[in-house]
Every structure is written in structure tokens, then in C-alpha cells.
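Me: I have just opened this one and would like to go through it slowly with you. Can we begin with the inside and then move on to other parts?

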Amino acid sequence: MILYRTATGILGEHGGNYHALKERSLDALVAHEDLHGYLASVAATGEAIDAPAPESLEPPIEHQEVWASGVTYYRSRSARMEESKAGGGGNFYDRVYTAERPELFFKAVAHKVAGPESEVRIRRDATWSVPEPELTLLVNPRAEIIGYTIGNDMSSRDIEGANPLYLPQAKVYDQSCALGPGILIQKEPMPAETQISMTIQRGAQIEFSAAITLAEMKRNPATLVEYLYRDQSFPFGCFLLTGTGIIPPDEFTLQSADIIRISISQIGTLVNRVA
């Protein structure tokens, strides 16, 4: 089942049918002892309702923190190494890629997250900004992966490249993260053949388009979660972006009014406009 958060409540979609959930709190659903079983019963017995209007969808997050992981795809390692050479950090990313410990960093709290059909931002003091399309895990307070959504980790590559210590400024600012449109709730891991694709439209022109599958991902999502939950507690659960393997060319930078479309098979398409 895919969960959608709207102004009037939480809806679930299964097999093309939509159902209103009695719980209005996403926090309560994330903490549910048997969320998959509960949603299966809703799909089997719940009354079907109309599909929500796209403009009614809100970010699928309540009190969860958003974290991110980096250098989980080979292409990402190469891009990070190249952009960091001038700042003296060229080999940092190569060492992370081959290390047992993954790169993990804080990304956002709920009020900084953009939802579907809303605006993301680029930093005013950045000159090289890109979106990063990522499979995003929903993890409950017990460190169990219970669902998946689409994430956009907006990044200022020139700031991060100047010095690796500038990573928080390159990654964490208002509307630097987008999630949605819904959360696919399932116990099974996403298959390796799952495709992530992204297009960036500027006016009537497609400026960039690319796709990749999860087979290109080096890190195991369960391992990322295990490291994230070491000596940390998440009473409301958390979202974890799992890195990107899609990197626009070095000469590309986002501009205001660009339209970013990120699709992941089984989940849907997240659409955002650059403010």
C-alpha cells in the first residue's frame, strides 16, 4: 500500500483503490507494531474513496528526522572526488567508498521538507547547484525498514567542493529536501532492477535526463540503517536518503523555475519546481 498525507487526513492506495485511514497521525502509523498487517486489513475491508487531487498532497512527514548517506554509488564517488580536488579533499570520498563505515549526515527536519508539486530552493551564495534523486527509506523507531519514498537531496556542489567541512552548508537549508509523493509500505526490499530516473525541464526544453537501477548501489540499505541507529534513538522513526548515482554534467547548474521530475518504479513521480 502507498500512503499519502493530505490536508484532510492520511489515505492509502492499493490496487488502484484509495482508502481513508482512521489515524490522522503519521507518527502513530510509523510506530505501529504491525503496520503491514494493519494496512492489509484496510485494503481488504475499507471503503473505496476518490483519489486525492495532486495539489492536496502534503509532504509525507510529521516528526521524523531526515538523514542522508553519500558515496553509495560509483558515479557519486567519482563526482565528489572531482569537485573536491581544489579544496584538498579529493581522496576523502574514495576512502569513504571503500571503507566499512558509510557516510551519514543530517539533512532536514519536517518544516524544511518540500512535498510533491511544491518548490525546492537553491542557495543564494551557491554557483553550482544540482538535484540528487534518491531512494529514501522510512525506518520505524525499532530500526526496521517499513517503507520507501522518493527523495531529492538538493546540493550546492561548489560549496561542498571548496572544503568537505562545508558539507552541512551545501546540504542543509530551507527546502533543500523534497519527499513524496507517497510512501510505499512493504516488508520486502526493493528489487535490484528498480529504476530511478530524473528529468530537468527548463521552459519547453529537457536540459537533463538520466536513469539508473539499484543494482548500481554499493551499500546495503540495511547496513546504512544499522550504522545510523548506533547510539541514536528516533522515537518517531526517520527517513534515510540512500545516495544517488545520477549526476548532471559539470557544466550544468539549476536555475529558478526549472522543473525536476524524479520517478521510481512502484512508488511514482515526485515533481518540484525550483523557487
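Me: Which residues touch the most other members of the largest nonpolar core?
Reply: Of the 43 residues in that core, they are L135, M190, I196, I260 and I267. A nonpolar core is a set of buried Ala, Val, Leu, Ile, Met, Phe, Trp, Tyr and Cys residues joined through side-chain atoms within 4.5 Å, and buried means under 20% relative accessible area, with exposed over 50% and partly exposed in between (1.4 Å probe, protein chains only). Please keep in mind that this is a predicted model, where local features need pLDDT of at least 70 and side-chain atom pairs count only at pLDDT 80 or more, while totals for chains, interfaces and linings use all residues. Residues are numbered from 1 along each chain as its sequence is written, and side-chain values use heavy atoms, with hydrogens and water left out.

Me: What is L135 in contact with, leaving aside neighbours within four places in sequence?
Reply: Counting heavy atoms within 4.5 Å as contact, L135 meets Y148, T149, M190, I196, L214, L240, L241, T242, I264 and I267. There is also a second, separate core of 26 residues, with L3, L29, L138 and I185 among them.

Me: Changing topic, how many aromatic pairs are there?
Reply: A search of the whole structure gives 4, where rings of Phe, Tyr and Trp (its six-membered ring) pair if their centres lie within 6.5 Å, and planes under 30 degrees apart count as stacked, over 60 as edge-to-face and the rest as tilted. One of them joins W67 and F234 edge-to-face, at 6.4 Å centre to centre and 90 degrees between the planes.

Me: Where do W67 and F234 lie?
Reply: W67 is in strand β4 (residues 65-70) and F234 is in the loop between α7 and β15 (238-241), so the pair ties together parts that are 167 residues apart in sequence. Helices (H or I, at least four residues) and strands (E, at least two) are DSSP runs, numbered from the N terminus.

Me: How is the pair of Y229 and F234 arranged?
Reply: Their ring centres are 4.8 Å apart with the planes at 50 degrees, so this pair is tilted. Y229 is buried, with a relative accessible area of 13%, and F234 is buried too, at 3%.

Me: Which residues do the ring pairs link into a cluster?
Reply: The cluster consists of W67, F106, Y229 and F234, linked by ring pairs.
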